[in-house]
Amino acid sequence: MADIVGVRFKKASKIYYFDPAGLNLEVNDYVVVETVRGLELGQVVIAPKQILASDVPQPLKPVVRKAEPEDVKRTQELEAKESEALVEGAKLVQKLNLPMKLLKAEYNLDSSRVTIHFSAEERVDFRELVRELSGHLKVRTELRQVGPRDEAKLIGGYGRCGRPLCCANFLCELAPVSIKMAKEQGLPLNPMKISGICGRLMCCLVYESEQYHIMKEKLPKEGQRVTTATGPGKVIGTNALLETVMVQLDESQANVELPLNEVAIEEESAEAKSE
């Protein structure tokens, strides 16, 4: 068994596991931990507990200490420096005529390193930019390119629903989204209507995808022959949410919407099966 504590560094970011090192930690406590970027301030989101050692990568780095009020204050003060780093970086990007957009700067806790996230349509040679930025900021500088979905997560904003972006508000990881999900939910396949501000398919298409898949498995397919209380007919549509079937009746050619339990699928004839 292994002792672990779950720590998050930013809102809606991935949860990382550390060894609690015997510290009495509770959810919402701030802690100082060592990462590949040096010392960083994180917040406990999973209280210390024991799990199978095989379920976590080993060895886990230990929590350095519980955060002091000075650590929290220091992190807040660094936000001003991060803004300055972005402004300085933007000037150099323009000077060097680089096809890139700087998005966000993040200092580690002791200000020994700054990571700047940027977006670009293709690969960019930013070695000269790193050299000049390191000289101007007097600190080790790392540039990291992100894709359109991560760009939206970093910057934030509002979706077409009028609510804060899911990716910036609560989604820890960005799940794959496919056009098949939109089709299954009967949504218009117009990219303008099913894409987020990142230009990719909206993350919320994933939320009900599995439920739609389960519900649609119960329903007959379009074109199938069915029998109803008012006579036989052909399925011309379904409503997965209401679990209803739209049937075109043979005799009157009228279209009727019926609950699924009032529709019976006709068995295929032997001749139809052999064709």
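How many salt bridges does the structure hold? The count comes to 13 salt bridges. Hello everyone, and one caution before I go on: this is a predicted model.

Let me begin with R225, which takes part in two of the pairs I want to show you. One partner is D250: the two side chains meet in a salt bridge, with N to O at 2.3 Å. That pair links distant parts of the chain, 25 residues apart. R225 sits in strand β9, residues 225–228, while D250 is in the loop between β11 (244–249) and β12 (255–259).

The other partner is E266, and here the closest N and O atoms are 3.8 Å apart.

R225 is partly exposed, with a relative accessible area of 34%. D250 counts as partly exposed too, at 32%, and E266 is partly exposed at 29%.

E142 and R144 meet through their side chains, at 3.0 Å from N to O. R144 has 33% relative accessibility, so it counts as partly exposed. Then there is a network of salt bridges that links R37, E40 and E106.

Now please turn to helix α7, residues 209–218. Which of its residues are buried? They are S209, Y212 and M215. Looking down the axis of α7, you will find these buried residues within an arc of 130 degrees, so they line one face of the helix. And what do they pack against? The answer is α5, residues 179–184. On the face of α7 turned away from the buried side, you will see the exposed residues E210 and E217.

The largest pocket holds about 1,100 Å³ of space. It is lined by 35 residues, and those closest to its centre are F9, K10, S13, K14 and Y16. Which elements give two or more residues to that lining? On the strand side we have β2 (15–18), β3 (30–35) and β6 (101–107), and the helices are α3 (148–155) and α4 (166–169). If you sort the lining by class, you get 17 nonpolar, five polar and 13 charged residues.

The second largest pocket has a volume of about 510 Å³. Here 22 residues form the lining, and F9, K10, L41, T75 and E79 are the closest to the centre. Which of them gives the largest share? That would be α1, with six residues. By class, this second lining has eight nonpolar, five polar and nine charged residues.

That is my tour of the predicted model.

Terms used
Residues numbered from 1 in each chain as written. Predicted model: local features only at pLDDT ≥ 70, side-chain atom pairs only at ≥ 80, totals over all residues. Heavy atoms only, no water. Salt bridge = Lys/Arg side-chain N within 4 Å of Asp/Glu carboxyl O. Buried < 20%, exposed > 50% of the residue type's maximum accessible area, 1.4 Å probe, protein only. Helix = DSSP H or I, 4+ residues; strand = E, 2+ residues; numbered from the N terminus. Arc of directions from axis to C-beta. Contact = heavy atoms within 4.5 Å. 1 Å grid on protein atoms, 1.4 Å probe; cavity = no way out; pocket = protein on both sides within 12 Å on 5 of 7 lines; lining within 4 Å. Points joined across faces, edges and corners; volume = space filled by probe spheres on them. Nonpolar A, V, L, I, M, F, W, Y, C, P; charged D, E, K, R; others polar.
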